[in-house]
Amino acid sequence: MNDDLIIANRHFTSRFIMGSGKFDPNLIKACIESGGAQIITLALRRASTKSDNITDFIPKNITLLPNTSGANNADEALRLARLARELGYGELIKLELIKDSKYLFPDNEESVRATKMLSDDGFSVLAYMYPELYAGRALEAAGAVAVMPLAAPIGSNKGLLNKDMLKILLDEIKVPVIVDAGIGRPSEAALCMEMGCAAVMVNTAIATACDVKLMARAFGEAIKAGRSAYLAGIADISQNARASSPLTGFLA
């Protein structure tokens, strides 16, 4: 059965997306080779630095997803996206609009405006967002090809603090819902996939592990397992005990 992740008519066999905020060549290698990541986010300031350029460590068959990290408003996001396109990174763009320096929450309202501007300019927008129903609907209506709600504050490894809100988005939003930020354990990534999320983006949880390669593999396998469980159809929860074997006739 074909179960590709499809984003803006692009097909991916992996649902593990690597964030590159904590850039390290060994981390990139581990996520690709051990975790199976096929998409890696890219901050433009990293791509444009002559020394220690992140793109020097990413194989050509990996899809680079530029982000608008550092943008404070829609106009700045559009300018960064156009710069990415001029550098040859194509139309896929991860929209990040963060004004708050303490909690690093995305600005949902300004992100909706930016999504409309970017979409009208030919970009395929994956919009980072605080999980909230009306914002999700507005981003979808503005042209987002995917929404990327945070599970918990970025870099916190706190896990699925926003589980209930994620479930609402999954029930109400038609575009792919990709969990971004806060996931700390492979089991949490598996749970995201069991809920029906399209993919999970991970960075800090792997970058700060004692064994980066092993943790990347653990996340890759957990994401696959969670997706398989979702496709298989997870059993309903019963409030009462139910015998797994017949209680009558087994001595006949």
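Buried means under 20% relative accessible area, exposed means over 50%, and partly exposed lies in between (1.4 Å probe, protein chains only). Arginine 82, at 40% relative accessibility, therefore counts as partly exposed. This is a predicted model, in which local features need pLDDT of at least 70, side-chain atom pairs count only at pLDDT 80 or more, and totals for chains, interfaces and linings use all residues. Residues are numbered from 1 along each chain as its sequence is written, and side-chain values use heavy atoms, with hydrogens and water left out.

**Stop 1: arginine 82 and its partner**

A salt bridge here is a side-chain nitrogen of Lys or Arg within 4 Å of a carboxyl oxygen of Asp or Glu. Arginine 82 sits in helix α3 and aspartate 121 in the loop between α4 and β7 (124–129), so the pair ties together parts that are 39 residues apart in sequence. Helices (H or I, at least four residues) and strands (E, at least two) are DSSP runs, numbered from the N terminus. Aspartate 121 is partly exposed, with a relative accessible area of 24%.

**Stop 2**

Select arginine 113 and aspartate 75. Their side chains meet in a salt bridge (4.0 Å, N to O). This pair links distant parts of the chain: arginine 113 belongs to helix α4 (residues 108–120), aspartate 75 to helix α3 (residues 74–86), and they are 38 residues apart. Both ends are partly exposed: arginine 113 at 39% relative accessibility, aspartate 75 at 42%.

Next, pick lysine 99 and aspartate 107. Here too is a salt bridge, the closest N and O atoms being 3.1 Å apart. Is aspartate 107 buried or exposed? Aspartate 107 is buried, with a relative accessible area of 19%.

Now select Asp3, Arg15 and Arg227. Salt bridges that share partners join these three into one network. The structure holds 13 salt bridges. Side chains of opposite charge can pair when their charged atoms come close.

**Stop 3: the second largest pocket**

On a 1 Å grid over the protein atoms alone, a pocket is an open set of points with protein on both sides within 12 Å along at least five of seven lines; a cavity is a set of points where a 1.4 Å probe fits but cannot get out; lining residues have an atom within 4 Å of a point. The volume of this pocket is about 230 Å³. Grid points are joined across faces, edges and corners, and a volume is the space filled by probe spheres set on the points.

Which helix gives the most to this lining? Helix α9 (residues 212–232) does, with six residues. By class, the lining has three nonpolar, six polar and four charged residues. Ala, Val, Leu, Ile, Met, Phe, Trp, Tyr, Cys and Pro count as nonpolar, Asp, Glu, Lys and Arg as charged, and the others, Gly among them, as polar.

**Stop 4: a surface patch**

Move along helix α9 to leucine 231. Leucine 231 is partly exposed, at 39% relative accessible area.

**Stop 5: the cavity**

Select Ile7, Phe12, Ile39, Leu65, Leu92 and Leu126. These residues line the largest cavity. About 30 Å³ of space lies inside this cavity. Its lining divides into six nonpolar, no polar and no charged residues.

**Stop 6: backbone points**

Go to asparagine 9, in the loop between β1 (5–7) and β2 (10–12). Its phi is near 65°, a positive value in a residue other than glycine. Asparagine 9 is exposed, with a relative accessible area of 73%.

Then select alanine 181, in the loop between β9 (178–180) and α7. Phi of alanine 181 is near 90°, again positive in a residue other than glycine. Alanine 181 is buried, at 8% relative accessible area.

**Stop 7: two contacts across the sequence**

Select alanine 189, in helix α7 (residues 186–195). Alanine 189 is buried, at 0% relative accessible area.

Finish at proline 131, in the loop between β7 and α5 (133–141). Proline 131 counts as buried, at 2% relative accessibility. Proline 131 and leucine 150 are 19 residues apart in sequence and 6.6 Å apart in space, C-alpha to C-alpha.
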